[in-house]
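Hi,

Here is the structure I said I would pass on. Have a look at it first, and then read my notes below.

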Amino acid sequence: MSATKKGTDESILTYKGHPLMRNNNIIYYGSMSDRYIIMMQILETKTVKDIEVATRVSVQLQQTSPSVRPKDRIVKKTEKDGLYTALDIAVIWLNRALSAK
């Protein structure tokens, strides 16, 4: 599902209410204006019928506060087999982190 920003032609892909952006083998899920964001890094891929499919993905729940040291920003991390399972855990972690007071 994609949503368009008001006043621009740029469309941003969203998944379950949060933006989803990709830069090479790194996928960011969530908004930098929120307290937490998910970073997924594609570690391994395989080719299936001329399409590269992620087979191993690292998932990290990170704080977005610039006052926190980069090393201390990682709250949780795991590795999953496949992008679907990685995105599934990313949705759960991000929603729980953002709803916590």
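**What I found**

Let me start with arginine 56, which is partly exposed, with a relative accessible area of 28%.

Before going on, a word on what you are looking at. This is a predicted model, so local features need pLDDT of at least 70 and side-chain atom pairs count only at pLDDT 80 or more, while totals for chains, interfaces and linings use all residues. Residues are numbered from 1 along each chain as its sequence is written, and side-chain values use heavy atoms, with hydrogens and water left out.

**Confidence**

The pLDDT (the predictor's confidence in each residue, from 0 to 100) averages 88 over the chain, and 89% of the residues score at least 70. Residues 1-9 are below 50, and this stretch has 12 contacts in the model beyond near neighbours in sequence. A contact here means heavy atoms within 4.5 Å. Where pLDDT is low, the predicted coordinates should not be read in detail.

**The overall layout**

The chain has one helix and seven strands, in the order β-β-β-β-β-β-β-α from the N terminus. These are DSSP runs numbered from the N terminus: helices are H or I with at least four residues, strands are E with at least two. Of the 101 residues, 33% count as buried. If you take the contacts between residues at least 6 apart in sequence, 34% of them join residues at least 24 apart. The chain exposes about 7300 Å², with carbon and sulfur atoms supplying 50% of it; that area comes from the Shrake-Rupley method with a 1.4 Å probe, and for residues only the protein chains shown count as cover.

**Strands and hairpins**

Strands E4 (residues 26-29) and E5 (residues 36-48) run antiparallel and are joined by four bridges. Two strands pair if DSSP finds at least two bridges between them. Tyrosine 29 sits opposite isoleucine 38 of E5. The hairpin of E4 and E5 has six residues between the strands, and glycine 30 in it takes a positive phi near 120 degrees.

E5 also pairs with strand E6 (residues 51-63), again antiparallel, through 12 bridges. Methionine 40 has valine 59 in E6 as its bridge partner. In this hairpin there are two residues between the strands, and lysine 49 has a positive phi near 50 degrees.

Serine 58 also belongs to strand E6. Serine 58 is buried because its relative accessible area is 13%. Leaving out residues up to four places away in sequence, serine 58 touches Met39, Met40, Gln41, Leu43, Thr78 and Glu79.

**Salt bridges**

How many salt bridges does a search of the whole structure find? The search finds three, where a salt bridge is a side-chain nitrogen of Lys or Arg within 4 Å of a carboxyl oxygen of Asp or Glu.

Back to arginine 56, then. Another partner is glutamate 79, at 3.0 Å between the closest N and O atoms, and here the link is from E6 to strand E7, 23 residues apart. Together, Glu44, Arg56 and Glu79 are linked in a network of salt bridges. Glutamate 44 is partly exposed at 40%, and glutamate 79 is partly exposed at 45%.

Aspartate 72 and arginine 69 also meet in a salt bridge (3.1 Å, N to O). Aspartate 72 is partly exposed at 39%, whereas arginine 69 counts as exposed at 52%.

**Loops to look at**

Most residues other than glycine have a negative phi, and most peptide bonds are trans. Lysine 16 has a positive phi of about 50 degrees although it is not a glycine. Lysine 16 lies in the loop between strand E2 (11-15) and strand E3 (18-23) and is exposed, at 57%. Asparagine 24, in the loop between E3 and E4, also has a positive phi, near 55 degrees, and counts as exposed at 64%.

Aspartate 81 is exposed, at 66%, and its contacts beyond four places in sequence are Thr55 and Arg56. The C-alpha atoms of aspartate 81 and threonine 55 are separated by 5.3 Å, with the two residues 26 apart along the chain.

Cheers

Terms used: Buried < 20%, exposed > 50% of the residue type's maximum accessible area, 1.4 Å probe, protein only.
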